[in-house]
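Please look through the sequence and the model below before reading on. The paragraphs that follow go from the strands to the helices, and then to the charged side chains.

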Amino acid sequence: MMTTTLTQFKPKRHERDPMGNDVTWKYPENIVQCEWLSKRLDDENVRIFDCTTYLLYRDKDPSKPYDVESGISKYKESHIPGSAFLDLQNDLSKKGSPYSFTLPDFLDLKNRFQNLGVGDPFHIILYSRNGTQWATRVWWMLFVLGFEKISVLDGGYDEWIRLSLPTEDSVRKFNPAKFNASFRENIFVGKESTLKAIGDKSCMLLNALTKDIHSGENPRYGRPGRIPNSLNIPFHKLVDSNTGKFKKPEEAAEIFNSMDISSDKTILNYCGGGIAATLDAFVLYQLGFKNLQIYDNSMSEWAIDETLPIETDKL
């Protein structure tokens, strides 16, 4: 994968699973620590972006299960020094889509990113202040465009504050960057591919939503339930509840192993709107899984389409 910046990083120490096998992050350069970043705030080759977005959940409106609120106001109050803001819904999602975060056409997305200062020759650091899933969403959006000098800040803004590291409130905007795209077409998929995956023995469907939504107890997205034959690993299970940092590699591996998630199959990740699923997919990628997909509009689209199958825990 990324070869130009490997020497900048100190990989995480080796861990071992109960069988004595090494379990490590396969691409440790894609996860950086606050301490590492704090020493590079003046590095002109590093560009930092706040990706914060808030979801304000509604009741009894499956066509719009939540309102989206940009994190720009919080960014203006305080942020990591030198960081700019990426507005996921307003600047990096498809205009006119009935869903909040639909991925734009790749060429359009590439142009948007480079105009915001994302691209060569910079090492891009992504963080959020309300869950790592916002950073992993943008990470995957860049990865599918072929850009690889991207890292997620482990623990995000909360960890930065916990360590009493400096902040500022001045707004930063970067000059446009160069972006040599090389599109990866088969990572973000739609409902047609997802429908085919239900009966495909070479594919496993993985729901990153909370257990109550997966089981059908919570009808947040309209019809209660899940895509048939899917397993459930809620995205928040993969981060430490106290620090917001990724769980250790062997802990994450055990979570997937306990559900018999097999690396020889394609893992199609989904959630409510294509956000939480990117965290599951990112951790799987770090554990060495090669065949990963993300259903972009996820249950926001699936649950309101009566022609698509759905199942719950109820008989």
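Five strands form an open sheet in the order β10-β14-β13-β11-β12, with parallel pairing. At its edges stand β10 (188-189) and β12 (230-232), each of which has a single partner strand, so one side of each is left without a neighbour in the sheet. Helices (H or I, at least four residues) and strands (E, at least two) are here DSSP runs, numbered from the N terminus, and two strands are said to pair if DSSP finds at least two bridges between them. This is a predicted model, in which local features need a pLDDT of at least 70 and side-chain atom pairs count only at pLDDT 80 or more, while totals for chains, interfaces and linings use all residues. Residues are numbered from 1 along each chain as its sequence is written, and side-chain values use heavy atoms, with hydrogens and water left out.

Within this sheet, strand β13 (residues 266-270) pairs with strand β14 (residues 292-295) in the parallel sense over 3 bridges, and L268 has Q293 in β14 as its bridge partner. Strands of a sheet pair through backbone hydrogen bonds, either parallel or antiparallel.

Another set of pairings involves β9 (150-153). Strand β8 (residues 123-127) runs parallel to β9 and is joined to β9 by 3 bridges, with I125 standing opposite S151. Strand β3 (residues 31-32) also pairs with β9 in the parallel sense, over 2 bridges, and here the bridge partner of I31 is V152. Which way do the side chains of β9 point? I150 and V152 point one way and S151 and L153 the other way, and all are buried, where buried means under 20% relative accessible area, exposed over 50% and partly exposed in between (1.4 Å probe, protein chains only). In a regular strand the side chains alternate between the two faces of the sheet.

Together with helix α5, the strands β8 and β9 make a right-handed β-α-β unit; right-handed means that, with the strands pointing away from the viewer, the path from the first strand over the helix to the second runs clockwise. Helix α5 (residues 133-143) is mostly covered, as 11 of its 11 residues are buried, among them W134, R137, W139, W140 and F143. Helix α10 (residues 276-286) is also mostly covered, again with 11 of its 11 residues buried, including D280, F282, Y285 and Q286. Just after α10, G288 takes a positive phi of about 100 degrees.

The charged side chains come next. The structure holds 8 salt bridges, a salt bridge being a side-chain nitrogen of Lys or Arg within 4 Å of a carboxyl oxygen of Asp or Glu. In one of them, the side chains of R184 and E148 meet at 2.5 Å, N to O. R184 lies in the loop between α6 (156-162) and β10, and E148 in the loop between α5 and β9, so the pair ties together parts that are 36 residues apart in sequence. R184 counts as partly exposed at 25% relative accessibility, and E148 likewise counts as partly exposed at 21%.

E159 forms a salt bridge with R162, the closest N and O atoms being 2.8 Å apart. Both residues lie in helix α6, 3 residues apart, about one turn of the helix. An α-helix has 3.6 residues a turn, so residues three or four places apart point the same way. E159 is buried, with a relative accessible area of 2%, whereas R162 is exposed, with a relative accessible area of 52%.

K191 forms a salt bridge with D305, with 3.0 Å between the closest N and O atoms. K191 lies in helix α7 (residues 191-197) and D305 in the segment after α11 (298-302), so this pair ties together parts that are 114 residues apart in sequence. At 25% relative accessibility K191 counts as partly exposed, while D305, at 15%, counts as buried. Elsewhere, R226, E311 and D313 are linked in a network of salt bridges.

A last stop is E77, which lies in helix α2 (residues 72-77) and is exposed, with a relative accessible area of 53%. Which residues does E77 touch, not counting those up to four places away in sequence? E77 is in contact (heavy atoms within 4.5 Å) with E168 and D169. The C-alpha atoms of E77 and S170 are separated by 8.5 Å, although these residues are 93 residues apart along the chain.
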